[in-house]
Amino acid sequence: LYNGTLRLQDNISIPRLGSNRSGVSPYEFHVPSNAGLWIDGAVVSTHDAAGTWRGITVFGKLKISAGTFTNPPETGGITYFSNNDNPGTLEITGGEVYTTQLKQADESGQFNYIQSGGKLVINALSDSRDDSGVFALPQASHTFTMSGGEIIISNVNNTVNNGIEIGVGEGNANVTGGTIEIRTPTLNAGSRDGEFRINSTAPLYNLTLNASTSSEQQVVLVNDLEVLNDFTVGEDTEFSANGHSLSVGGRLTVEGAFDVEMLRMNGPGNGGINIGSAADFTIQNLRVEKSTEFLGVTLEDEEFVVTQDLEIERGNLLLNDKILTINGGVSLGKGNVVSGDGRIVLAGSVTHILVSDSEDYAMGHVELAGNAVLNSHVVFDEFTLTSGIMDIGKYRMTVNHRGINGAGFGNTKMIKTGGLASDKGLNFRFSLDPAGDILYPVGVDDNGNKYTTAT
């Protein structure tokens with residue numbers, strides 16, 4: 001190729017695409033900056049003979065809309081380098097691409113990745129695994145555009161960011177669809193402490209982890225990651241956010257091992273959390289931050305524990321009759337906890353801090369099995385005191401129910417106010433039908449907790 005675009009359509013098969021040669025070694029097929037290779041139904045493969053730099057170098061444009069394009073195992077894959085002024089482009093609208101890697105061979109390599117359909121399958125080892133991740137767009141000037149199709153990865157390289165390495169700058173990522181699937185254990189799985197590393201400044205639309213067999217290879221984040229739609233952690237896979245935050249805009253499904261310090265459920269649609277019965281699930285902080293307060297996140301299957309804090313910044317958390325155990329505090333912004341027949345259980349040895357931005361929103365049904373403190377006025381749909389003291393101080397605790405659930409109230413089990421006439425106290429919202437006694441299990445701190453109930 002020198003100039004223009006070569007379009008290869010149906011009924012064309014090229015088992016060994018021609019290559020540039022230096023001596024006896026076949027070198028990569030090059031697409032020059034002013035040329036294009038378009039696979040539109042043909043079956044094309046690059047050279048598989050012994051030697052170095054085997055595969056395809058793209059200075060111009062490689063497009064696949066139908067058919068297949070293959071870089072054989074132990075070849076260089078799809079490469080770009082030394083093209084600062086004229087970025088190369090890979091565009092996939094259909095068909096299938098089988099390769100060993102998408103590689104930046106030097107720091108001056110520039111590239112645009114565009115996918116609206118078809119498949120990019122990175123499923124074989126390269127003969128050059130020390131230059132970049134297996135899917136590499138590491139510079140801010142690179143672009144990543146994905147609106148559909150699939151990227152399937154089942155190998156890693158030897159570099160620090162050995163898996164997905166996307167470092168595109170602001171404005172150079174446009175992601176509206178598509179799925180990235182990581183299949184573990186990968187080829188070369190022992191690379192980098194047995195980890196598949198994701199380092200991406202761009203959001204991913206759907207991310208799926210699948211395993212062919214059980215392994216100890218973890219998929220690990222190198223920085224914060226946003227999944228715009230669904231994230232699935234399949235059976236026998238392992239995922240660790242490695243101290244970084246994970247944002248999911250749609251549905252989180254976990255059947256394998258999952259360890260995250262901060263899970264943000266965000267985005268412009270409703271979401272869900274589905275934890276399988278066999279999942280090994282650890283989450284320290286859960287935050288709901290939907291685009292509007294009218295959207296929600298639903299707990300869909302097994303119950304789980306948040307080992308630190310629950311934050312509802314915007315949107316609703318629907319417990320769906322489940323029990324959600326919180327070992328830390330709970331804060332409400334513009335949103336509610338909708339309990340149904342479920343509830344939040346505040347457990348553990350720490351003092352739980354509860355705060356709400358407004359009495360227009362409610363924490364749902366909360367069960368206290370420990371000690372808690374209000375740092376603002378808070379509304380509950382229902383409140384169960386199993387053990388410990390709820391210290392409301394000067395604030396108002398409103399319960400949309402006929403009393404506090406529980407029994408055996410006393411100096412060590414009560415709702416404690418500050419003891420001043422200006423304290424807002426404990427309020428119930430209830431109907432007088434049926435008539436009967438309503439117990440206010442309140443007390444004060446009077447040189448020690450003092451239970452001073454009212455009926």
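How many aromatic pairs does the structure hold? The structure, a predicted model, holds 11 of them.

## Overall form

The protein contains 1 helix and 47 strands. Its radius of gyration is 29 Å, whereas a compact globule of 455 residues would have a value near 23 Å. Along the principal axes, the C-alpha atoms fill a box of roughly 95 × 35 × 35 Å.

Of the contacts between residues at least 6 apart in sequence, 56% join residues at least 24 apart.

Buried residues account for 53% of the 455 residues.

## Aromatic pairs

Among the 11 aromatic pairs is that of F59 and F81, which is edge-to-face because the ring planes stand at 65°, with the centres 5.4 Å apart. This pair links distant parts of the chain: F59 belongs to the loop between β7 (56–58) and β8 (61–70), and F81 to the loop between β9 (78–80) and β10 (88–92), 22 residues apart. F59 counts as buried at 16% relative accessibility, and F81 is buried at 18%.

Y80 and F111 form a stacked pair, since their planes lie at 20°, with ring centres 4.6 Å apart. Y80 is in strand β9 and F111 in strand β13 (residues 111–115), so the pair ties together parts 31 residues apart in sequence. Both Y80 and F111 are buried.

## Aromatic cluster

One aromatic cluster is formed by F231, F239, F258, F281 and F304.

How values were computed: Residues numbered from 1 in each chain as written. Predicted model: local features only at pLDDT ≥ 70, side-chain atom pairs only at ≥ 80, totals over all residues. Heavy atoms only, no water. Helix = DSSP H or I, 4+ residues; strand = E, 2+ residues; numbered from the N terminus. Rg over C-alpha atoms; globule rule 2.2 N^0.38 Å. Buried < 20%, exposed > 50% of the residue type's maximum accessible area, 1.4 Å probe, protein only. Contact = heavy atoms within 4.5 Å. Phe/Tyr/Trp six-rings, centres within 6.5 Å; stacked < 30°, edge-to-face > 60°.
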